[in-house]
Amino acid sequence: MAFYNSYPYPQQYGYQPQQPQMGQQIPQMAQMPQQPTQQIQNGGFLTAPNEEYVRTYPVALGNCVTFKIEGKPYVMEKSMGFSQLDSPKIEKYRLVKEEPEEPSNSPEDDRNDSKAINDTLEGLISEIEAIKADVKAIKEKLKSITKPVTKKAPKDEDDDDE
């Protein structure tokens with residue numbers, strides 16, 4: 001018995017999508033499973049007697065461990081990548097204590113701020129008054145230096161003969 005293609009069009013070379021007939025299941029394409037992005041896992045805090053202990057401490061692939069050096073203000077972090085060929089990455093941080101800043105909503109602070117603003121305004125006003133006085137003094141000097149020029153009436157020639 002000869003096997004005939006049930007597809008009504010002539011067969012061509014290459015991939016031909018076939019329409020499923022009624023009652024047939026659609027073949028599923030094999031999909032590549034998507035790998036989630038890898039993230040380094042935090043192994044927590046450990047206390048260490050010295051830096052050499054941190055350098056020799058074994059850390060698993062894809063992990064990070066943070067060490068507090070005993071008696072010193074240092075924290076060290078040792079992390080290992082996902083490849084066995086990667087070398088461990090060691091970072092050292094110095095701890096610095098800072099005092100927290102508290103928000104000030106007290107009326108005393110508001111008075112201090114308004115006092116500073118008033119002092120600044122008074123300073124500006126006094127500077128403006130000094131500038132006005134300087135401008136007024138300059139105007140007075142200019143008036144005394146430049147006398148108004150009055151035109152002399154032309155003399156008659158007849159007046160000169162007398």
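Me: Okay, how many salt bridges does the structure hold?
Reply: This is a predicted model, and it holds 3 salt bridges.

Me: Which residue does arginine 55 form a salt bridge with?
Reply: Arginine 55 pairs with glutamate 51, and their closest N and O atoms are 3.5 Å apart.

Me: Where do those two sit, arginine 55 and glutamate 51?
Reply: Both are in helix 1, residues 51-56. They are 4 residues apart, so about one helical turn separates them.

Me: What about lysine 92, which residue is its partner?
Reply: Glutamate 51 again: its salt bridge with lysine 92 has the closest N and O atoms 2.5 Å apart. Glutamate 51 is in helix 1 while lysine 92 is in strand 4 (residues 89-94), so this pair ties together parts that lie 41 residues apart in sequence.

Me: Which residues are linked in a network, then?
Reply: Glu51, Arg55 and Lys92 are, through salt bridges.

Me: How exposed are they? What's the relative accessible area of arginine 55, say?
Reply: Arginine 55 comes out at 43%, which is partly exposed. Lysine 92 is also partly exposed, at 42%. Glutamate 51 has 23% relative accessibility and counts as partly exposed too.

Me: Switching over, which residue does lysine 89 form a salt bridge with?
Reply: Glutamate 91, with the closest N and O atoms 3.4 Å apart. Glutamate 91 is partly exposed, at 26% relative accessibility.

Notes
Residues are numbered from 1 along each chain as its sequence is written. This is a predicted model: local features need pLDDT of at least 70, side-chain atom pairs count only at pLDDT 80 or more; totals for chains, interfaces and linings use all residues. Side-chain values use heavy atoms; hydrogens and water are left out. A salt bridge is a side-chain nitrogen of Lys or Arg within 4 Å of a carboxyl oxygen of Asp or Glu. Buried means under 20% relative accessible area, exposed over 50%, partly exposed in between (1.4 Å probe, protein chains only).
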